[in-house]
Amino acid sequence: MNKTVVVLGTQWGDEGKGKIVDLLTEEAIAVVRYQGGHNAGHTLIIDGEKTVLHLVPSGILRDDVTCYIGNGVVIEPAALIKEIEQLSAAGVDVRSRLVISHAAPVIMPYHILLDQLREAKRGKKAIGTTGRGIGPAYEDKVARRGIRMGDLADAETLRHKLQEVLAYHNHVIEHYHAHEPLDLEQVYQQLLQQAEQLLPMCDDVTGCLHTHLQKSEKILLEGAQGSLLDIDHGTYPFVTSSNTTAGSAASGSGLGVTQMDYVLGITKAYTTRVGSGPFPTELFDDDGALLAERGVEFGATTGRPRRCGWLDLVALKRSIQVNGVTGLCITKLDVLDAFAEIKVCVDYGDAQFPVTASQWETVKPSYQSFKGWQSSTRGLTDANGLPAEAKTFIEFVENYTKVPVHIISTGPDRQENIVIQHPMG
Ligand code: GDP
Ligand code: IMO
Ligand code: MG
């Protein structure tokens, strides 16, 4: 029996991680977010009612589950407080069930400002970030000048730290970006107010997780973004600023790598991407428009339209390797119901997997074509009910990747899944 299951995206994000984490949490005692920040947008639909989560783990809608924000997550206090309040207003008790790591870095107002100023300066070469300050916050962490959640407990020391780091960033804000500097007192006072709300939830998350393991309790580790947005393995520089791949589940939570029992790789039955950067199988025709329309492909965080294209098995295979994926979950199969012909990319026309930006730009995808099933798979819960063409499509993915498909998602609602093998079973 698998006690720790990592759920992560194998593409450029928005694979449906939130929905699947919520589904699997039925079997777990705890859910942990281990990287990323409120750049994530995870959508849960339960009996038609929609909830979008950004920082709060996708286990929060199950009453008996404890939710952890690990040390690897960057936290914007205002965004987290707003999310907690919205959930509380909807009747979800968050404060008694959310535990935040003392070691998690804080996203400060200067990180958000710098993210936006840099993107504006890049003009046409912009990365298309979510503008949430994610990159600058991770930079400060690695530069060892970051402010962590635990630092909010000591007001005096916090003031000194903030004074030093703000002087540094204000120099760039004023002299490089020609923007008005931020006011120390204002930033400090706001932080103290936020600290009052969040500190009661802060604890030693790593310690808590190991206590769960000692009691043989099951833990889900919830990834954000996708493997192709990984800072090392993604389409650099058009990536996010954290490692989105499975190793982060350990480093961003404090569990050991040998304590991960199963890695569930989520892939849409096609591909989407928000923001700029390479996307070999992107479609600019009616098929792309139909994917966007049927999949309702708009970002859950920024509302931006998502770019759409065919499933890319070359990239998926690479994601499976870098994550050590145990089983796959194919989501949004129902979106393909309307297509007479479905394609999947099986080759990049080059011996090597692209690594550099210029290698990515020259990728020439070749495709395998499949006959569409042109009937509804929406809401199916039994694999026997799948049309023969859909079975062929799924078997092809398994044979190509050499990894079994353990879950097929057939609609956005919690109930709409074919669970072939439960990762915690
Ligand atoms: P995440 O960031 O990986 O959690 O994914 P998002 O929530 O950003 O995007 C996935 C979108 O697809 C959400 O709007 C979900 O409600 C929706 N969704 C998830 N699974 C399915 C599915 O199997 N079929 C359909 N039609 N929609 C789905
Ligand atoms: P979830 O968890 C899709 C993308 C941004 C941009 C790049 C860098 O919902 O799958 P950042 O703000 O992180 O510095 O932006 O990464 N991006 C996402 N794309 N889903 C996400 O999260 C994303 N989080 C960041 O669009 O291209
Ligand atoms: Mg999302």
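In this predicted model, a polar side-chain atom of Asn39 lies 2.9 Å from an oxygen atom of ligand 2. Taken alone, ligand 2 exposes 550 Å², and the protein buries 97% of that. The largest pocket is where ligand 2 sits.

**Ligand 2**

- The shell around ligand 2 holds 20 residues, of which Asp14, Lys17, His42, Thr130 and Thr240 are the closest.
- By class, this shell around ligand 2 consists of seven nonpolar, 10 polar and three charged residues.
- The backbone also takes part in contacts with ligand 2: a backbone N or O atom of Gln225 lies 2.8 Å from an oxygen atom of the ligand.
- For Val274, a backbone N or O atom is 3.2 Å from an oxygen atom of ligand 2.

**Ligand 1**

- Glu15 has a polar backbone atom 3.1 Å from an oxygen atom of ligand 1.
- Gly16 places a backbone N or O atom 2.8 Å from an oxygen atom of ligand 1.
- Lys332 makes its contact through the side chain, with an N or O atom 2.9 Å from an oxygen atom of ligand 1.

**Salt bridges**

- The count of salt bridges in the model comes to 15.
- One of the salt bridges joins Asp22 and Arg62, with the closest N and O atoms 4.0 Å apart.
- That pair links distant parts of the chain, 40 residues apart: Asp22 belongs to helix 1 (residues 17-24), while Arg62 is in the loop between strand 4 (49-53) and strand 5 (66-69).

**Helix 9 and its ends**

- Helix 9 covers residues 286-294, and at its start a side-chain oxygen of Asp285 reaches to within 3.2 Å of the backbone nitrogen of Asp287.
- Val296 follows helix 9 and has a positive phi, near 45 degrees.

**Backbone geometry in loops**

- The peptide bond from Tyr236 to Pro237 is cis, and its omega is near 5 degrees.
- Pro237 is found in the loop between strand 8 (219-222) and helix 8 (247-251).
- Asp47, a residue other than glycine, has a positive phi near 50 degrees.
- The loop between strand 3 (42-46) and strand 4 contains Asp47.

How values were computed
Residues numbered from 1 in each chain as written. Chains lettered and ligands numbered in written order. Predicted model: local features only at pLDDT ≥ 70, side-chain atom pairs only at ≥ 80, totals over all residues. Heavy atoms only, no water. Near = heavy atom within 4 Å. Polar contact = N/O pair within 3.5 Å; in protein donor to acceptor, adjacent residues only side chain to side chain. Areas by Shrake-Rupley, 256 points an atom, 1.4 Å probe, with all protein chains shown as cover. 1 Å grid on protein atoms, 1.4 Å probe; cavity = no way out; pocket = protein on both sides within 12 Å on 5 of 7 lines; lining within 4 Å. Sits in = over half its atoms within 2 Å of the grid points. Nonpolar A, V, L, I, M, F, W, Y, C, P; charged D, E, K, R; others polar. Helix = DSSP H or I, 4+ residues; strand = E, 2+ residues; numbered from the N terminus. Salt bridge = Lys/Arg side-chain N within 4 Å of Asp/Glu carboxyl O.
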